[in-house]
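This report describes selected features of one structure. Please view the sequence and the model before reading on.

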Amino acid sequence: MNLPQTFQDKMKCLLQEEYDAFIRSYEEEKNQGLRINTLKISIEDFLKINPFTIEKIPWVKEGYFYPNNERPGKHPYHDAGLYYIQEPSAMAVGELVDPKPGETILDLCAAPGGKTTHLASKMNGQGLLVSNEIHPQRAKILSQNVERMGIKNAIVTNETPERLAAHFPSFFDRILVDAPCSGEGMFRKDEEARLHWSPENVALCASRQDEILEYAQSMLKPGGRLVYSTCTFSPEENEGTISRFLEKYPNFEIEQVEVYEGFSPGRANWVKGAAPNIEQTIRIWPHRVKGEGHYIAVLKKNNGDELPRLKYAKTKLDPKMLKAYQEFAGETLNSMPSGFFIAFNDQFYVLPEEAPTLEKLKVLRPGLHLGTFKKNRFEPSHALALALRKEEAKRVFDLSADSSEIISYLKGEVLSVNGVKGWHLITVDGYSIGWGKLAGNMMKNHYPKGLRWMGND
Ligand SMILES: C[S@@+](CC[C@H](N)C(=O)[O-])C[C@H]1O[C@@H](n2cnc3c(N)ncnc32)[C@H](O)[C@@H]1O
């Protein structure tokens, strides 16, 4: 593998006798992982229907390795959100954020959504998750992944850390900063990261990380947890960033957390002025575990300002819209999502009870999208389908993952079906994947155009 020479020289100097093992790991195949989405299926039930050759990832309960020649991203279960494909080391981050149902959580650098979807599954639909991404295109992908995984309690924003910090002072119980970094830990799987690497870029990333953490800390409640992670090896962006941060914010300290025995300690001797206990931060090395390079620091905010809660979102609803939704829900659903109902133009959403006002923020997804109000009718959204369990819908049309019908459905084709007229929740082996609307033996396909399978997929 073609690695930048300056990078090799630097790693040799840092790792010394461990360098040979490190560099040899670049000749090995990258590790692939999938994480079961427990919002939709239990681990036990997934293992009963799992069609792949999988092997447990030791550091995450829901995580499994799969071999390079298998394609779980091209299986109907992927479209049904039964799992998320995620690099195995990256799964350690969600474990260490360790959000609890009912808490308020911020994922500040969230796209494409690997960690956000992990945090959401741990929250089990309770509490509030704000998933933010600064880049508009990446924020859209994040929003799609939040939808696919059937997450009900997330708000997806497209903001700068600065503007979010002005909106959410001392608001969150836990914050994840999965920082933009020089990506050295991803060299094995990402050629772009190799091509863009330079010592100047490492320095630039480090100063950007300082700035992001500065805003992040102001959004955390006293007693809250701040998790910082990168997928790079450079000490400047890891122990260095954390040491500079702790020097500036002595009201934070490094928390000692239990970790998988294959993980390694942070390195005090690799930076000047290392913070006390920097060894309790975590390094994940590709020559020591079956995963790419990562760094994780778990910090606790000991004190700071306690602020009154932000105002909750207000409901201003057009009664016609509410009536159309209620008619749809009465006809189609056995149980209705609860929370605050809000409308953005003709789009209807339900927000978690904990939701604050979102005024002036760029919001892509203000909670669960229920559907669209169309000429006095209500048309349910794809997000609602993905968030429903089969028991929650009155009419379910189940397709087997091995059938040709599921492929036809995913390609957007009309299905010929006998049954009761109206909206049907389409499921794959019992797990929701989209909507169909039956009229005169024809199931009209409501699988979103942008997600449809093409050609011989
Ligand atoms: C390591 S990636 C996040 C990966 C994501 N957490 C996941 O698990 O899928 C870092 C993200 O930070 C975003 N980013 C870049 N510059 C930023 C900045 N100045 N402030 C906040 N986020 C930024 C990038 O667009 C990128 O999506």
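## Model and annotated domain

The structure is a predicted model. An unreviewed UniProt entry carries the annotation "domain: SAM-dependent MTase RsmB/NOP-type" for residues 22-302. In the model this span is 31% helix and 22% strand, and its end C-alpha atoms lie 37 Å apart.

## Ligand shell and binding site

The ligand is surrounded by 17 residues, of which Cys109, Gly114, Lys115, Asp178 and Pro180 are the closest. By class, the shell consists of 9 nonpolar, 3 polar and 5 charged residues. Helix H6 (114-123) and helix H10 (199-218) contribute at least two shell residues each.

The feature "binding site" in UniProt (unreviewed entry) is placed at Cys109, Ala110, Ala111, Pro112, Gly113, Gly114, Lys115, Glu133 and Asp178. These positions span 70 residues in sequence, but no two of their C-alpha atoms are more than 12.6 Å apart, so they gather at one spot.

Cysteine 109 lies in the loop between strand E5 (104-107) and H6. Is cysteine 109 buried or exposed? The residue has 23 C-beta neighbours inside 10 Å, and the threshold for burial is 20 or more, so cysteine 109 counts as buried. Beyond four places in sequence, the contacts of cysteine 109 are Glu133, Val177, Asp178, Ala179 and Pro180.

Alanine 111 is also placed in the loop between E5 and H6. With 24 other C-beta atoms within 10 Å, alanine 111 is buried. When residues up to four places away in sequence are left out, alanine 111 touches Glu133, His135, Arg138, Ala139, Ile141 and Leu142.

## Sheet E14-E15-E17-E18

Four strands form an open sheet with antiparallel pairing, in the order E14-E15-E17-E18. Strands E14 (340-344) and E18 (377-380) are at the edges; each has a single partner strand, so one side of each lacks a neighbour in the sheet. From one strand to the next, the twist averages 30°.

The antiparallel pairing of E14 with strand E15 (residues 347-351) comprises 5 bridges. Which residue of E15 is the bridge partner of isoleucine 342? The partner is tyrosine 349.

Helix H12 (residues 319-332) lies across E14, E15, strand E17 (368-374) and E18. The helix runs at about 55° to E18.

Methods:
Residues are numbered from 1 along each chain as its sequence is written. This is a predicted model: local features need pLDDT of at least 70, side-chain atom pairs count only at pLDDT 80 or more; totals for chains, interfaces and linings use all residues. Two strands pair if DSSP finds at least two bridges between them. Axes are lines fitted to C-alpha atoms, for helices over the stretch in contact, and angles run from 0 to 180 degrees between N-to-C directions. Two residues are in contact if their C-beta atoms, placed from the backbone, lie within 7 Å. UniProt positions are given in the numbering used here, feature names are shortened, and annotations may be inferred rather than shown by experiment. A residue is near a molecule or strand if its C-beta atom, placed from the backbone, lies within 6 Å of it. Ala, Val, Leu, Ile, Met, Phe, Trp, Tyr, Cys and Pro count as nonpolar, Asp, Glu, Lys and Arg as charged, and the others, Gly among them, as polar. A residue is buried if 20 or more other C-beta atoms lie within 10 Å of its own, exposed if 12 or fewer, and partly exposed in between; C-beta atoms are placed from the backbone.
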